[in-house]
Amino acid sequence: MIRTFVGQRVRRTALALTFALWAVPAAAQTTGMVQGKVVDERGKPVEDATVTIEFKDMAGRKLETKTNGRGEYVQVGLQPGAYVVTASKEGVGTETQEVTVQVAQTAQVDFQLTASSGGKTPASPEARKQAEQATKLFNEGVEASKAGKEDDAIQKFTEASKLLPSCYECHFNIGLAHVRNDQPDQAEAAFKQAIEANPKKPDPYGRLAALYSSQKKYDEAAKMSAKAGQLGGEGGAAGGGANALFDQGVNLWNAGKIAEATQAFEQATKADPKHAGAHYQLGLGYLNQGNMDEAAKAFETYLKLEPDGEHAEQVKGLLATLKK
């Protein structure tokens with residue numbers, strides 16, 4: 001590792017970025033959306049088909065929409081998680097699919113209805129009643145969290161998780177509430193429970209990475225970031241995958257693994273060419289490795305993307321030096 005002034009500066013910058021991610025409140029989290037098209041067995045659009053979108057991690061939370069004249073539908077404002085999406089039209093057919101909604105991403109779910117397409121087995125009355133109670137408790141937890149009553153939120157989410165032990169969102173939100181209460185040990189345990197409930201979700205790994213980074217456990221942070229990046233890529237979300245790769249790079253950098261961090265930043269720019277922060281960090285990585293030409297290219301790209309960004313003046317100064 002080249003211990004230059006630039007290297008020390010980016011270390012502080014990287015840590016600041018990690019802490020900023022860690023401090024985001026639940027109310028600031030973004031949502032995702034589902035869209036698609038419904039056609040019949042001849043491939044013609046099905047107008048006025050009913051599309052229901054049910055949150056799999058919390059049974060009983062269901063939304064419903066209709067297709068337009070082109071057979072298209074869209075549902076926005078969905079919190080991240082696993083959903084069961086069903087399209088149906090009397091006399092045409094019914095089809096059900098499962099999909100994972102990710103933050104700030106659009107999940108495409110298309111249907112072709114036929115007379116033989118199957119439906120979904122309804123839940124028993126007892127199971128539905130339990131799910132409704134869990135949903136009520138979960139929603140109360142969300143409202144308590146929005147009001148800044150984190151202890152009350154933890155209690156509600158915990159009660160909901162007892163009714164539905166596999167409730168990923170319950171455990172994940174318990175972790176977030178502990179974060180805001182500055183209770184890292186409890187947050188870590190909750191995020192690990194969220195992973196047990198749904199090991200294919202990248203978010204708990206990302207949160208654990210931020211937690212370990214704040215505790216200067218950089219090797220563990222890097223491992224969690226790598227897993228988050230892998231799962232983000234499998235989910236097909238370019239922006240989400242880029243962010244996970246960026247976080248991975250930050251944690252590798254903080255662990256003193258500059259070459260590996262630079263590779264992660266490079267992968268992040270490929271996953272999302274408009275990720276300005278990744279280009280900036282990539283430039284610093286190249287600079288620390290003595291690759292001045294590539295550093296200049298990365299910095300120039302950063303300025304194109306964010307000419308008035310927070311690092312713009314620093315980058316301009318670095319470019320002026322590099323081009324002398």
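## Serine 161, a buried helix residue

Serine 161 counts as buried at 10% relative accessibility, where buried means under 20% relative accessible area, exposed means over 50%, and partly exposed is in between (1.4 Å probe, protein chains only). Its place is in helix α3, residues 150-163. Helices here are DSSP runs of H or I with at least four residues, strands are runs of E with at least two, and both are numbered from the N terminus.

A polar atom of the serine 161 side chain lies 2.7 Å from the backbone oxygen of threonine 158. Leaving out residues up to four places away in sequence, serine 161 touches Cys170 and His171; contact means heavy atoms within 4.5 Å.

## About the model

This is a predicted model, in which local features need pLDDT of at least 70 and side-chain atom pairs count only at pLDDT 80 or more, while totals for chains, interfaces and linings use all residues. Residues are numbered from 1 along each chain as its sequence is written, and side-chain values use heavy atoms, with hydrogens and water left out.

## The chain as a whole

The protein chain has twelve helices and eight strands. Of its 324 residues, 46% are buried.

## The largest nonpolar core

A nonpolar core is a set of buried Ala, Val, Leu, Ile, Met, Phe, Trp, Tyr and Cys residues joined through side-chain atoms within 4.5 Å. The largest one holds 28 residues, and Phe265, Phe299 and Val315 touch the most other members. Two or more residues each come from α8 (238-254), α9 (258-271), α10 (276-288), α11 (292-305) and α12 (312-322). The largest share, seven residues, is given by α10. In soluble globular proteins, nonpolar side chains tend to be buried together.

Not counting residues up to four places away in sequence, phenylalanine 299 touches Tyr280, Gly283, Leu284, Leu287, Val315, Leu318, Leu319 and Leu322.

## Glycine 249 in α8

Glycine 249 lies in helix α8 and counts as buried, at 0% relative accessibility. Its contacts, leaving aside neighbours within four places in sequence, are Ala261, Ala264 and Phe265.

## How α4 and α6 pack

The axes of helix α4 (residues 168-180) and helix α6 (residues 203-214) come within 11 Å and cross at roughly 15 degrees. Because angles under 35 degrees count as roughly parallel, this pair is roughly parallel. On the α4 side, Tyr168, Phe172 and Leu176 meet Asp203, Pro204 and Arg207 of α6.

## Two positive phi angles

Most residues other than glycine have a negative phi. Two loop residues are worth a look here. Aspartate 48 has a positive phi, near 65 degrees, and is found in the loop between β1 (32-40) and β2 (50-55). Aspartate 48 is partly exposed, with a relative accessible area of 41%.

Lysine 216 also has a positive phi, near 65 degrees. Lysine 216 lies in the loop between α6 and α7 (218-234) and is exposed, with a relative accessible area of 64%.

Methods:
A polar contact is a pair of N or O atoms within 3.5 Å; within protein, one must be able to donate a hydrogen and the other to accept it, and residues adjacent in sequence count only if both atoms are side-chain atoms. Axes are lines fitted to C-alpha atoms, for helices over the stretch in contact, and angles run from 0 to 180 degrees between N-to-C directions. Angles under 35 degrees count as roughly parallel, over 145 as roughly antiparallel, 65 to 115 as roughly perpendicular and the rest as oblique.
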